[in-house]
Every structure is written in structure tokens, then in C-alpha cells.
Amino acid sequence: MTQKNLLEVDWSQIPAPADDGGAAHLKGLLLPAINLIATDDTSVNLSALRGRTVVFAYPRTGEPGKISLVDDWDMIPGARGCTPQTCAFRDLFAELKAAGASQVFGLSTQSNEYQTEMASRLHLPFPVLSDEKLALTRALNLPTMEVAGLTLIKRLALVIDDARITHVFYPVFPPDRNAGDVLDWLKANPVKG
């Protein structure tokens, strides 16, 4: 099945993910010292960042006109919507920064080469991190799903203050509202200092 327009989605036709408890353990965790390659050709260690960091994770972005990973991708709860989620963070980037986010990152298990193309195509003002080797995913025991032999991160967003996870958005649905929900939370919970 060919990817349809990746941004125009009727969410009423897409199954919503259920809260399976897969992220219940994350709030309060200190991030491990793991370096991830970013689409701006830097190596990022989230545990070394000071201030408030927002990381939104997603299974994988698609490419317009390309074949889907599996024919029933849209029917896998929580699979569809990575591009709309990413574009929403792009569109609200300045507001997220103004609301206290020192850094914003996307995160998936896709390769850095793939993510770099996607970041350029979507004109992202923030880097996307590749956890292709699943180092951070396994260290934090992030919720995952197996699709077509690949381990993919289930959609979530983390607010991290000085390397400690202070808030978790999970499950996320619909994906294109995640950035707005994060923004609302940031405004309601300003950085203490």
C-alpha cells in the first residue's frame, strides 16, 4: 500500500492506542549517559543537558509516495501519525521554547540517514535523535512494538528537567495534538528557578 498524504488523517478511522502501562515507570527516572547521533551531525547525551528538555518519540515517519512498512500500518494502534506529530512540534517550536523548553528533540529507532532526509524535507528547526541500536530505548525500558521485524518506540513525549523525567505523555492520540498538549503543560508548569 502506498503512503497517502501523511498530514491529512481522519483520526476517527484510526485505532487509538490504549494505555498499557508501558510508560508508568518513567516519571522520576534519571536519564542514563547515552550518546545518540542527531540530524544536525552532533552527538547528544540527554543526561548532560541542563534546563528543560522536551523529547517526543514516535515509531517511524513515512515518505510520501513510498510503500508502507506493512499493509495494515494504519490499523496498528498508535502507528499512524508520526509525520503529523513531528510537524506539530515544528509548528509550535518557537512557542515551546518561549514556554521554557531549552531543547526539543524528536526520537525514533530509524537510521540517522533516514531521519536527516526527513528533517530536511519537513524543515525541522530541531534535531531528531536516532536510537537505531536501541540503547536509550532499552536503558529506559521505553514502550515498544514489533512491526515487520523492527523494534519501534511507541509514541510518547517526555519533559526532562536537568536529566530527570518530570512528566510523561503516554499514550499519545491523536498525534497531531501532542505538541499542543506539551505546550499547555509547559505553560501550566513553569521551570522553577
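I began with the sheet, which is open and made of seven strands in the order E2-E1-E5-E4-E3-E8-E9, with mixed pairing. I took strands (E, at least two residues) and helices (H or I, at least four) as DSSP runs numbered from the N terminus, and two strands as paired if DSSP finds at least two bridges between them. Strand E2 (43-45) and strand E9 (164-169) stand at the edges with a single partner strand each, so one side of each has no neighbour in the sheet.

I noted that this is a predicted model, in which local features need pLDDT of at least 70, side-chain atom pairs count only at pLDDT 80 or more, and totals for chains, interfaces and linings use all residues. Residues are numbered from 1 along each chain as its sequence is written, and side-chain values use heavy atoms, with hydrogens and water left out.

Next I looked up strand E3 (residues 52-57), which pairs with strand E8 (residues 156-161) in the antiparallel sense over six bridges; Thr53 stands opposite Ile160 in E8.

I then turned to the rings, where Phe, Tyr and Trp (its six-membered ring) pair if their centres lie within 6.5 Å, planes under 30 degrees apart counting as stacked, over 60 as edge-to-face and the rest as tilted. I found five aromatic pairs by this rule. Phe56 and Phe89 are stacked, at 4.1 Å centre to centre and 5 degrees between the planes, and they link strand E3 with helix H1, 33 residues apart. Phe56 is buried (under 20% relative accessible area, where over 50% is exposed and in between is partly exposed, with a 1.4 Å probe and protein chains only), at a relative accessible area of 0%.
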